[in-house]
Amino acid sequence: MPLHFRSLKLTGKLPLIFFILIIACTPAAFAQFYKLKVSVPSVQSVAGQQNVAIPIFMSNYLDTVAAYELTFVTDQPDLIRFNSDYVDTSGTLTSGWQYVSVDTAYETGLEIRAMANMVYDPIVHGIGYPQTGQIPLVKILVDIESMPDSISSYFANIEIMANVYDFCFSDEEGQTIGLEHEFYYDTLWYNCNEWLDDTVCNDWEEVTGPPADTMVIDSLHPYLDTTQVGINNGSIQVVKNCMGSAGDADCSGSLNLLDAVSVISYLYKNGASPVCRADCNCDCVINILDISCLISYLYGVGSECNCCSCSEWDASCL
Ligand SMILES: [Ca+2]
Ligand SMILES: [Ca+2]
């Protein structure tokens, strides 16, 4: 009987418990939900490589995407250079689209514009949903400059410009995704640089205020709603060319105990990052297994291990 009584009491509390759970979970759930999200991954490459393809990923849950515009900039324009002549759509969600253009933006940045369907046949539909970011939206190409001897590796951040002028996604009806408007009154002033006659201007230029040739009362201001559209920026880590084997951490061109010392210093003594690739066992991660692998390779201690070749490392890790 006491068990039965306790069971009844618990049942009576269940709706309240669920209600509390819903209240507790709702803000976090909404905070993480985007209609659309674009991500630049963090990748690694080698100094001097040309046309390194960086996949750009998109997750999309509520709309078909039939057109987009994306703009990328980097904080290391002297070390990596965006290829503004060609964009790689092979194996991407943009493959087969009728219009894809690429251009320079912000002097050293990159702008991509793409539309699934133009006016001619066959009709190309946009990207259906949901998309969970498994297939790249498109691949941008980057040329990497040779690295100065004084630098062992560096990061170049790649940022997506998150503003209404540089970032745009739309569905097949031309409705933009994540674009919102807010109302406030603003007065814009314009001067004419070239009158065609007394009434027609060929070139209006916005100025800060009067005197001016004309003015416009503006009340609608678009903005990119970053609660609807998520953006993840990424980076490219550039390492020096591989010499001989991938375990050649100090870039001396040969494998010896100094390479193991270099890796130990890096992992456990806050030492500098290895000058060359210290990933001896070719699993794309530098950790204690690489030290074991190096010792085993050099002295035949422990399990059998040969450091992978540079070409094997390139194939596995780039
Ligand atoms: Ca070495
Ligand atoms: Ca490793």
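A residue is classed as buried if 20 or more other C-beta atoms lie within 10 Å of its own, as exposed if 12 or fewer do, and as partly exposed in between, with C-beta atoms placed from the backbone. The structure is a predicted model, in which local features need pLDDT of at least 70 and side-chain atom pairs count only at pLDDT 80 or more, whereas totals for chains, interfaces and linings use all residues. Residues are numbered from 1 along each chain as its sequence is written, and chains are lettered from A and ligands numbered from 1 in the order in which they are written.

The protein comprises 4 helices and 15 strands, taken as DSSP runs numbered from the N terminus (helices: H or I, at least four residues; strands: E, at least two). Of its 318 residues, 26% are buried. Two residues are in contact if their C-beta atoms, placed from the backbone, lie within 7 Å; among contacts between residues at least 6 apart in sequence, 70% join residues at least 24 apart.

A nonpolar core is a set of buried Ala, Val, Leu, Ile, Met, Phe, Trp, Tyr and Cys residues joined through C-beta atoms within 7 Å. The largest such core has 40 residues, and those with the most contacts inside it are Ile54, Ile56, Phe72, Ile112, Ile140 and Val142. Strands that give two or more residues to this core include S3 (52-60), S4 (67-74), S7 (109-115) and S8 (131-144). Beyond its neighbours within four places in sequence, Phe72 is in contact with Phe82, Gly109, Leu110, Ile140, Ile158, Glu159 and Ile160. A second, separate core of 18 residues includes Cys251, Cys280, Cys282 and Leu294.

Helix H3 (residues 288-299) has 12 residues and spans 16 Å from its first C-alpha to its last, close to the expected 16 Å, the latter being 1.5 Å times one less than the number of residues. Its buried residues are Asp290, Ile291, Cys293, Leu294 and Tyr297. Viewed down the axis of H3, these fall within an arc of 160° (from the directions of the C-beta atoms from the axis), and therefore line one face of the helix. Helix H2 (257-268) is among the elements covering them, while Ile288 and Tyr299 are exposed on the other side of H3. Glycine 300, with a positive phi near 65°, follows H3.

Strand S13 (residues 214-224) has 11 residues, of which 1 is buried, so the strand lies largely in the open. S13 runs antiparallel to strand S11 (residues 179-195), to which 10 bridges join it; pairing requires at least two DSSP bridges between strands. Tryptophan 189 has methionine 215 of S13 as its bridge partner.
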